[in-house]
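The entries are kept in the order in which I looked things up.

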Amino acid sequence: MRIARSIPELRILLKTLKERSGRIGFVPTMGYLHEGHESLIRHCKTRCDSVVVSVFVNPTQFGAEEDFSRYPQDMERDQALCLNQEVTALFIPDLKEIYPTGFSTFIDPGPMGEVLCGKFRPGHFRGVTTVVGKLMNIVQPDLAFFGQKDLQQAAIIRRMVRDMNLPVELVVTPTIREADGLAISSRNAYLSAEDRQRALCISRALFAAEDAYRSGVRSACKLIDTARRLLTDLDELQYCELVDALTMDPIGGNVERLAGLCVAGMVRATRLIDNVLLSEASDPTNLLSLVGLPE
Ligand code: AMP
């Protein structure tokens, strides 16, 4: 595995990889890698000849009051995990490499960045699209991999790839969970044993709604209500909404197309998000990928 800390270093490495004419896959992360990231890397390996992973805690996607300065990090463990997963190249830029002095150009995700998490984290998705857009330009991968865990992020990036004609195929892969259902997240490190028990109400609520959908319930109100009633262990429920999984538009009436039931809430100072897809398709996560290159 090669490690690059600067853009020129990475470009030299990528040139060699591209000359070997294989497909380059890219997995952008903020580090503190876990089984969710590992799963993205594994999917990437099955589709690509080379795997590029980036670890960069992106300051522009954090609000002033948020956890940027205490976001968990363990570079040694991240490197070991990537080595173990036979990652081809690990890109670990520092802040100045991505945001040089005078940096002032951002990608605006539009209204999709203002709903759900965007309402509670103003400017968050503008930071996400900007850094992912930059990383796509730096790495120029053939395919890029994102987790369903961040459903709104995947939707916004899918639209950015299309709107900006980025020559990359976007692949979305299923959420990896602990045995008890908790969606794995780097932020779970903040939770005490007791917090963690309370956090479990999120996956329980989502699974209950999923069960109701499977048993034939299609009314958006009823499905949302089924989940809401189980979200009582949170210190704050920020949202529990049923949306079109591709556009993030709210679904009223009945669920008739690929829907995402999305929850965000606080357990003490830790903000957690999760979602399930409601669809009659056997593997609905596949429907979130952008197959082929955008026109
Ligand atoms: P992060 O490091 O949290 O920015 O996440 C990097 C990528 O990993 C994003 O595409 C996330 O959606 C994805 N990811 C995070 N947690 C999970 C999980 N539990 N299962 C699958 N993908 C995940």
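The entries below begin with the ground rules and then turn to the rings and the sheet.

Entry 1, ground rules. I am working on a predicted model, in which local features need pLDDT of at least 70 and side-chain atom pairs count only at pLDDT 80 or more, while totals for chains, interfaces and linings use all residues. Residues are numbered from 1 along each chain as its sequence is written, and side-chain values use heavy atoms, with hydrogens and water left out.

I counted rings of Phe, Tyr and Trp (its six-membered ring) as a pair if their centres lie within 6.5 Å, calling planes under 30 degrees apart stacked, over 60 edge-to-face and the rest tilted. By this rule I get 6 aromatic pairs. One of them is F56 with Y99, a tilted pair at 6.2 Å centre to centre with 40° between the planes. The two residues are 43 apart in the chain, F56 in the loop between β3 (50-55) and α3 (75-84) and Y99 in the loop between α4 (95-98) and α5 (117-120), where helices (H or I, at least four residues) and strands (E, at least two) are DSSP runs numbered from the N terminus.

F56, Y99, F103 and F106 form one aromatic cluster. For burial I took under 20% relative accessible area as buried, over 50% as exposed and anything in between as partly exposed (1.4 Å probe, protein chains only). F56 is buried at 6% and Y99 is buried at 12%, whereas F103 is partly exposed at 25%.

I required NZ of Lys or CZ of Arg within 6 Å of the ring centre and within 35 degrees of the ring normal. The charged end of K134 sits over the ring of Y99, 5.9 Å from its centre, and that of R70 sits over the ring of Y190, 4.5 Å from its centre.

I found an open sheet of 3 strands in the order β7-β8-β9 with antiparallel pairing, where two strands pair if DSSP finds at least two bridges between them. Its edge strands, β7 (236-244) and β9 (270-278), each pair on one side only. Strand β8 (residues 259-267) is joined to β9 by 9 bridges, and L261 stands opposite V276 in β9.
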